[in-house]
Amino acid sequence: MGESGEDIILSPAARDIIPFSFECKNQESLNIWKSYEQAQQNSGNYEPIVVLKRNNVKPLVLVDADYFVELHKK
C-alpha cells in the first residue's frame, strides 16, 4: 500500500500554476468512484484529478463534470 495523501507533491511555486490535487492509478481493474472519492479526500482546497493508466492503453484523466464544463467556458 502506498503513502497517504496526494500522489504528486507540488512546490508552492508549482501549486500557484497548477491548482490541482492528483491521484494516480496504474491498475488493470479499477473502481473509478472509489478512486475519485480518494482524490477528493486528499485534495484539500484544490480540484481533485484522477489519472488512470493500465497496460497498453492511453492514460485517461477523470475530473468532475461541473469542473469540466467550467474549463470550457473560459
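Is Lys-73 buried or exposed? Lys-73 is exposed, with a relative accessible area of 60%, where exposed stands for over 50% relative accessible area, buried for under 20%, and partly exposed for what lies in between, with a 1.4 Å probe and protein chains only.

The model is predicted, so that local features need pLDDT of at least 70 and side-chain atom pairs count only at pLDDT 80 or more, whereas totals for chains, interfaces and linings use all residues. Residues are numbered from 1 along each chain as its sequence is written, and side-chain values use heavy atoms, with hydrogens and water left out.

**Strands and helices**

Helices (H or I, at least four residues) and strands (E, at least two) are taken as DSSP runs and numbered from the N terminus. Strand β1 covers residues 20-26, and because five of its seven residues are buried, this strand is largely enclosed by the rest of the structure. Strand β1 pairs with strand β2 (residues 47-53) in the parallel sense over seven bridges, pairing being assigned if DSSP finds at least two bridges between two strands. Within this pairing, Phe-22 stands opposite Ile-49 in β2. Together with helix α2 (residues 32-42), the strands β1 and β2 make a right-handed β-α-β unit; the crossover is called right-handed if, with the strands pointing away from the viewer, the path from the first strand over the helix to the second runs clockwise.

Strand β2 is also joined to β3, by three bridges, and these two strands run antiparallel. Val-50 has Leu-62 as its bridge partner in β3. The hairpin of β2 and β3 has six residues between the strands, and in this hairpin Asn-56 takes a positive phi near 60°. Asn-56, which belongs to the loop between β2 and β3, is exposed, with a relative accessible area of 81%. Most residues other than glycine have a negative phi.

**Salt bridges**

Side chains of opposite charge can pair when their charged atoms come close. The structure holds three salt bridges, a salt bridge being a side-chain nitrogen of Lys or Arg within 4 Å of a carboxyl oxygen of Asp or Glu.

| Arg-15 | Glu-6 | 2.9 Å |

Arg-15 is placed in helix α1 (residues 12-17) and counts as buried at 11% relative accessibility. Apart from residues up to four places away in sequence, Arg-15 touches Glu-6, Leu-10, Phe-20, Ser-21 and Tyr-46, where contact means heavy atoms within 4.5 Å.

For the pair of Glu-70 and Lys-73, the two residues are separated by about one helical turn because they are three residues apart in helix α3. Here Glu-70 is partly exposed, with a relative accessible area of 38%, while Lys-73 is exposed at 60%.

**A loop residue and a surface patch**

Val-63 lies in the loop between β3 (60-62) and α3 (65-73), and is partly exposed, with a relative accessible area of 22%. Leaving aside neighbours within four places in sequence, Val-63 is in contact with Tyr-36, Ile-49 and Phe-68; of these, Ile-49 is the residue of β2 that stands opposite Phe-22. The C-alpha atoms of Val-63 and Val-50 are separated by 6.8 Å, although the two residues are 13 apart along the chain.

On the surface, Leu-30, Ile-32 and Trp-33 form a nonpolar patch with about 320 Å² of accessible area together. Such patches are made of residues with over 30% relative accessible area and no salt bridge, like charges being joined within 9 Å and nonpolar side chains (Val, Leu, Ile, Met, Phe, Trp, Tyr) within 5 Å, and the accessible areas come from the Shrake-Rupley method with a 1.4 Å probe, only the protein chains shown counting as cover for residues. Ile-32, one of the patch residues, is placed in helix α2 and counts as partly exposed at 33% relative accessibility.
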